[in-house]
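Here's a quick tour of a protein model for anyone new to reading structures. Keep the 3D view open and follow along as we go from one topic to the next.

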Amino acid sequence: MQRIPEEKIDEIRSQVDIVDVVGNYVQLKKQGRNYTGLCPFHAEKTPSFSVSPEKQIFHCFGCGKGGNVFSFLMQIDGLSFVESVKKVADLAHIPLDVAISQGDSSPGNKPDSQESKMIEIHQLASKLYHYLLMETEEGQEALQYLLDRGMSEQELDHFEIGFAPAHASTVTTFLKKREVDLVLAVESGLLTERDDGEVVDRFRNRIMFPIKNDRGQLVGFSGRLFNQEDGPKYLNSPETPIFNKRNILYHFSDARQEIRKKEEILLLEGYMDVISSVSATFSNGVASMGTSLTEEHVQMIRRVTNRAIICYDGDRAGIEASFKAGTMLAEQHRLEVFVLQLPNGKDPDDFIRSEGAEKFAEIYTHQRLTWTAFKLQFFKRNRNLQNETDKIAYLGEALAEIGKLDQAVERELYLKQLGSEFDLSMEALKQQLQQTVVVKPKPHDYGGSPPESYGEYPSYEGDGGSVYEQFSFAQPSGVPSAGLTSEKRLLKYMLEDRDAFIQIRNLLEEHQTDFYHDNYKALYTHLIGFYASGNDANPLALMDQLKDDMARNLVSELEMMTVNTDVSIEEYQDYVQSLTKSSIERNIKEKEQALLTATQQGDMPAALELARTITTMRATMKNTPN
């Protein structure tokens with residue numbers, strides 16, 4: 001089998017900017033030399049994820065993940081090393097003129113997982129469902145129902161809408177003929193097993209909506225009833241290793257690019273709402289899977305934008321859902337939120353198909369409510385404003401809300417609206433506002449500068465309550481010891497300069513000392529092999545050869561460090577001596593513990609010998625230069 005030559009890998013890596021690739025998954029903001037954002041690998045509210053265009057690496061100071069453009073795609077899309085190289089080559093429009101088999105043994109390549117097989121099974125089923133809808137007499141009634149609702153065949157093709165017949169074994173038989181593992185198909189949620197052990201189709205006599213995860217992989221279905229009332233209106237895939245409603249937004253992977261372009265996401269309730277919004281040229285629309293917005297959904301949204309437009313159904317339930325979602329987005333996660341309220345309580349699908357795309361665009365662009373304006377309307381619900389008690393209660397809620405606003409102009413605007421609506425003077429409203437104003441906590445002042453290993457420390461930039469208002473990396477727990485700092489700096493120099501590696505290795509052997517921390521010791525061993533193979537200093541190439549994620553993460557962390565580049569062998573010597581001193585300190589602590597144990601046990605000869613040893617070691621450490 002052929003492997004991709006190292007020269008080709010270097011060429012591909014050099015032709016793509018990691019900022020552009022990562023920017024497709026993470027909302028990045030320029031901070032000094034680097035770009036920063038919310039980490040896509042763990043949930044966080046304060047950005048700790050950094051991308052260096054100069055180094056062409058990424059590193060999260062929260063969870064520790066890091067690497068180059070290949071390892072980023074491997075981790076976020078679940079790709080093998082070869083697949084990630086292929087993807088980057090496609091982005092760079094570089095032809096790969098080598099044949100690469102599935103069994104390629106390149107670094108990081110992984111065999112097909114059970115999850116990937118489940119996804120393949122869903123892809124097969126999706127093609128079958130779509131064929132049954134579009135090309136068979138059995139699917140004609142479902143097709144006509146969709147066409148009567150205003151959907152076009154182009155929309156049906158684009159969203160791969162399908163039809164599951166009423167028979168119990170349509171998909172089961174189809175998969176059997178293709179020798180698919182039916183046990184795995186049951187585990188994937190596509191099929192189900194009856195009490196008597198017979199395996200049958202889970203979805204029957206339903207219009208089928210394929211569901212993709214945030215990586216564009218088909219992981220489940222939602223089946224909709226269309227000609228009967230027997231059963232739930234929508235039936236979703238059960239929770240499986242590849243499908244969990246809490247972290248899936250319908251159309252998110254396809255909408256991501258448009259969300260970035262518009263710098264905002266359109267939150268809708270249903271699949272038909274999304275399809276209609278796309279037909280109205282609003283391709284930034286997504287919908288949750290019949291559930292309320294979750295923390296996982298919000299984290300997905302925050303990675304691509306900090307502005308959300310909520311357009312739920314106009315009925316009572318939809319308005320309450322808008323308030324709940326907006327509260328989570330605006331007040332718990334500090335996104336900028338607007339709300340669209342469509343006339344006559346219509347949902348977006350009905351409104352777009354009856355009133356047209358232009359009317360929807362008019363409301364979307366010019367009639368969106370700010371989050372404050374929506375809440376002021378929401379607080380009026382279930383209140384009789386002709387009643388003095390209800391009126392006073394409402395004014396109290398409204399003023400408390402206005403008091404949360406940062407901008408004086410905004411406060412003035414809403415106060416004037418209240419004054420006009422209830423015939424109250426501005427003086428009275430402002431006086432009452434002073435009694436109800438909410439004092440917002442100030443961003444935490446960390447003070448000073450973070451340790452060098454935490455990269456470039458971004459300065460505070462408030463921007464009207466956006467996601468970046470408190471843009472600072474988390475402080476590490478405790479101050480790094482001198483030995484740890486020396487280990488990091490030595491490895492940093494060895495990573496970036498082959499001559500430095502040789503000089504430092506000679507000093508380590510001369511002083512008969514080594515790295516103490518396991519991860520650092522392991523990376524040092526990798527470096528020995530890397531340079532022994534004739535490689536020049538190249539941290540990005542080294543990352544490609546590291547199969548250990550911890551070692552790759554450490555390389556990215558070290559590359560984010562800022563150190564003096566004009567360094568002498570005397571400085572290397574100081575760091576090596578620091579390692580020696582730290583080693584002696586650890587040995588003294590071990591001996592002191594052994595001395596305590598010997599004394600408690602009454603073993604005086606042993607205690608005496610340990611005391612002498614400790615005295616000698618302390619003398620040695622005293623003579624070791626600082």
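Let's start with a pair of helices: helix 17 and helix 18 cross in a right-handed way. Keep in mind that this is a predicted model. The protein chain holds 26 helices and 17 strands, and buried residues make up 47% of its 626 residues.

**Helix 17 and helix 18**

- Helix 17 covers residues 388-402 and helix 18 covers residues 408-422, and their axes come within 10 Å, crossing at roughly 170°.
- Angles over 145 degrees count as roughly antiparallel, so these two helices are roughly antiparallel to each other.
- On the helix 17 side, the contact is made by Lys391, Tyr394, Leu395, Ala398, Leu399 and Ile402.
- Helix 18 brings Arg411, Tyr414, Leu415, Leu418 and Phe422 to that contact.
- Sort the residues of this contact by class and you get nine nonpolar, two charged and no polar ones.

**Helix 14 and helix 15**

- Now look at helix 14 (residues 348-355) and helix 15 (residues 357-366), whose axes come within 6 Å and cross at roughly 125°.
- That angle makes helix 14 and helix 15 oblique to each other.
- Helix 14 uses Phe351, Ile352 and Glu355 here, and they meet Ala357, Lys359, Phe360 and Ile363 of helix 15.
- By class, this contact of helix 14 with helix 15 has five nonpolar residues and two charged ones, with no polar residues.

**The nonpolar cores**

- The largest nonpolar core has 61 residues, and the members that touch the most others are Tyr129, Ile161, Leu175, Leu190, Tyr250, Leu266 and Phe360.
- Which helix gives the largest share of this core? That's helix 5 (residues 114-135), with nine residues.
- There's also a second, separate core of 42 residues, and its members include Val298, Val337, Val339 and Phe422.
- Zoom in on Tyr250: leaving out residues up to four places away in sequence, its contacts include Phe159, Phe209, Pro210, Ile211 and Tyr271.
- Also touching Tyr250 are Val274, Ile275, Gly285, Val286 and Ala287.

**Two residues in one loop**

- Phenylalanine 379 sits in the loop between helix 16 and helix 17.
- Is phenylalanine 379 buried or exposed? Its relative accessibility is 13%, so phenylalanine 379 counts as buried.
- Setting aside residues up to four places away in sequence, phenylalanine 379 touches Phe323, Tyr394, Glu397 and Glu401.
- Lysine 380 is placed in the loop between helix 16 (371-378) and helix 17.
- Lysine 380 counts as partly exposed because its relative accessibility is 26%.
- Apart from residues up to four places away in sequence, lysine 380 touches Leu385, Tyr394 and Glu421.
- Lysine 380 and aspartate 390 are 10 residues apart along the chain, and their C-alpha atoms are separated by 9.0 Å.

**Contacts along the chain**

- Take the contacts in the protein chain with a separation of 6 or more: 66% of them are between residues 24 or more positions apart.

Technical notes
Residues are numbered from 1 along each chain as its sequence is written. This is a predicted model: local features need pLDDT of at least 70, side-chain atom pairs count only at pLDDT 80 or more; totals for chains, interfaces and linings use all residues. Side-chain values use heavy atoms; hydrogens and water are left out. Axes are lines fitted to C-alpha atoms, for helices over the stretch in contact, and angles run from 0 to 180 degrees between N-to-C directions. Helices (H or I, at least four residues) and strands (E, at least two) are DSSP runs, numbered from the N terminus. Angles under 35 degrees count as roughly parallel, over 145 as roughly antiparallel, 65 to 115 as roughly perpendicular and the rest as oblique. A crossing is left-handed if the near helix is turned anticlockwise from the far one by less than a right angle, and right-handed if clockwise. Contact means heavy atoms within 4.5 Å. Ala, Val, Leu, Ile, Met, Phe, Trp, Tyr, Cys and Pro count as nonpolar, Asp, Glu, Lys and Arg as charged, and the others, Gly among them, as polar. A nonpolar core is a set of buried Ala, Val, Leu, Ile, Met, Phe, Trp, Tyr and Cys residues joined through side-chain atoms within 4.5 Å. Buried means under 20% relative accessible area, exposed over 50%, partly exposed in between (1.4 Å probe, protein chains only).
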